[in-house]
2 protein chains.
Amino acid sequence: MNIPSSPSFRPLYDQIKILITQSLIAGEWGPGDAIPSEIDLATRFKVSQGTVRKAIDELAAENIVIRRQGKGTFVASHSGERSSTRFLRISRDDGLAEYPQSDLLSVTRERAPENTAALLELRNGASIFCIKRLLSFEGKAQILDEIHVPAASFKGLDEHVIRAYTGSLYSFFESHFGIAMIRAEEHIKAVLAGPDEATHLKIAEGIPLLRIDRVAFTYGDRPVEWRRGLCHTNQFSYVTEMS
Amino acid sequence: MNIPSSPSFRPLYDQIKILITQSLIAGEWGPGDAIPSEIDLATRFKVSQGTVRKAIDELAAENIVIRRQGKGTFVASHSGERSSTRFLRISRDDGLAEYPQSDLLSVTRERAPENTAALLELRNGASIFCIKRLLSFEGKAQILDEIHVPAASFKGLDEHVIRAYTGSLYSFFESHFGIAMIRAEEHIKAVLAGPDEATHLKIAEGIPLLRIDRVAFTYGDRPVEWRRGLCHTNQFSYVTEMS
DNA sequence: TGTGTTATATCTTATATAAGTTATATGTTA
DNA sequence: TAACATATAACTTATATAAGATATAACACA
């Protein structure tokens with residue numbers, strides 16, 4: 001029990017939310033799975049259905065779970081048609097965002113420099129994987145990505161397993177490593193294409209690009225990926241909404 | 001009443017939400033005002049407090065109203081410390097986002113070209129105001145803005161009234177024209193500084209800039225502003241979050 | 001192929017208690 | 001008396017429970 005007004009006071013529904021999140025962390029239910037019904041959870045946690053409901057409502061608002069009337073509540077996943085573009089904010093100026101073609105350039109194992117280690121909350125020099133890839137829309141290269149993940153959490157990752165997988169990278173992370181990305185922060189700047197970008201994106205040096213830095217988090221706000229994307233925005237835009 | 005399963009079926013709380021929104025459109029309560037208490041609204045709309053609560057919950061989630069325990073529920077406003085940076089996604093690489101200094105360059109009355117008219121849902125050639133300004137952080141010019149609003153909704157806008165106002169532009173729009181911005185969509189590209197940008201931002205031509213196109217909406221998803229910002233991202237980033 | 005059953009989330013109402021805010025009344029003290 | 005502190009009351013939203021009706025989906029079975 002919790003004493004109201006005590007410094008550590010949390011409403012019941014918030015405690016339930018934490019308990020559900022802990023089960024997600026523990027892997028009791030994986031991405032795509034149905035979690036127990038509201039009534040079952042209410043029984044399990046010895047609270048009313050309404051309290052469970054409020055907890056699930058908040059998790060649904062954060063896109064951690066998906067509610068489907070009549071079916072149940074499911075752990076959010078990056079697999080599936082709609083989910084694959086959930087974290088992809090680049091779309092064609094004229095129309096809709098289709099998932100791009102991904103071409104793997106390299107997968108290397110490296111030691112995390114200070115900056116990367118700090119962002120991923122690792123110690124300096126921790127082992128990380130660095131994935132380089134090229135995203136193309138309709139055959140035209142648009143985004144050059146450099147993706148860093150802690151090796152400890154992605155054991156067994158190499159070029160072959162990535163190539164063998166068809167689908168988005170986050171969907172791959174889910175199915176092979178049980179790591180679900182639920183939130184990301186991006187910092188965007190405008191930069192000029194250097195020799196490397198020019199080669200891969202088949203553009204001239206000095207063309208302006210978006211440099212999109214992202215830190216992605218899994219359950220419990222644990223950072224598990226840092227990436228830098230260089231994006232050619234000739235016929236594409238980075239789209240976002242605010243309120 | 002509403003027949004469930006009919007094509008136009010809306011849950012009660014959603015209908016209440018629409019009614020509250022209509023009162024906002026009608027100006028029954030302006031930005032910063034308290035709306036009636038949940039119990040008062042429940043009486044007025046002849047539904048239970050819980051239903052009103054759910055409607056207000058959603059409006060609060062959309063940042064249309066702000067709930068304050070013990071005080072009441074207030075119409076969201078761009079006035080005030082925290083609110084002024086609500087739509088400002090540019091922040092210093094090292095730290096927090098302070099509200100920048102604004103230097104007005106010009107205010108002109110123009111005829112909306114096709115593109116602008118479409119975005120603002122006006123007829124071609126409709127009268128619009130065009131505001132040009134420069135935003136500076138700590139004395140350093142960073143963003144060159146070109147802002148377009150329909151003249152019909154912003155009667156009496158001119159250089160003098162803008163200059164006379166201290167505070168954010170959206171706060172000004174609220175207090176002088178009763179127009180509250182509640183949502184915005186942005187499309188971002190990387191471009192090169194041209195002569196005009198170079199002059200105002202005090203940079204060389206060819207420096208990469210973010211080009212941020214925004215359409216902002218008021219109650220009922222009515223577009224009332226289109227702006228293009230050109231932003232120098234040497235020491236600043238465009239920051240965004242997704243989930 | 002239907003048709004009913006069951007399980008799920010969703011919606012609506014009702015009630016009660018907790019907790020934050022403000023104004024007012026009531027002291028208490030200088 | 002005047003200034004200040006404290007208690008109380010009245011209002012607000014926030015939290016929690018309960019119960020019933022409805023919408024949607026899946027499945028068993030005739």
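Student: What separates the centres of domain 1 and domain 2 of chain A, and by how much?
Tutor: The C-alpha centres of the two domains lie 30 Å apart. The domain bounds come from an automatic or database assignment, with domain 1 at 12-75 and domain 2 at 87-238. This is a predicted model; local features need pLDDT of at least 70, side-chain atom pairs count only at pLDDT 80 or more, and totals for chains, interfaces and linings use all residues. Residues are numbered from 1 along each chain as its sequence is written, chains are lettered from A and ligands numbered from 1 in the order written, and side-chain values use heavy atoms, without hydrogens and water.

Student: How do you know that B:Arg183 forms a salt bridge with A:Glu241?
Tutor: A salt bridge needs a side-chain nitrogen of Lys or Arg within 4 Å of a carboxyl oxygen of Asp or Glu. Here the closest N and O atoms are 2.9 Å apart, so the pair qualifies. The rule finds 4 salt bridges between chain B and chain A. Across the interface of domain 1 and domain 2 of chain A it finds 0.

Student: What makes strand S8 of chain A and S11(B) a pair?
Tutor: Strands are DSSP runs of E, at least two residues, numbered from the N terminus. Two strands pair if DSSP finds at least two bridges between them. These have 5, in the antiparallel sense, so they pair. A:Glu185 stands opposite B:Glu241 in S11(B).

Student: How many residues of chain B are in contact with chain A?
Tutor: Contact means heavy atoms within 4.5 Å. By that rule, 33 residues of chain B touch 33 residues of chain A.

Terms used:
Helices (H or I, at least four residues) and strands (E, at least two) are DSSP runs, numbered from the N terminus.
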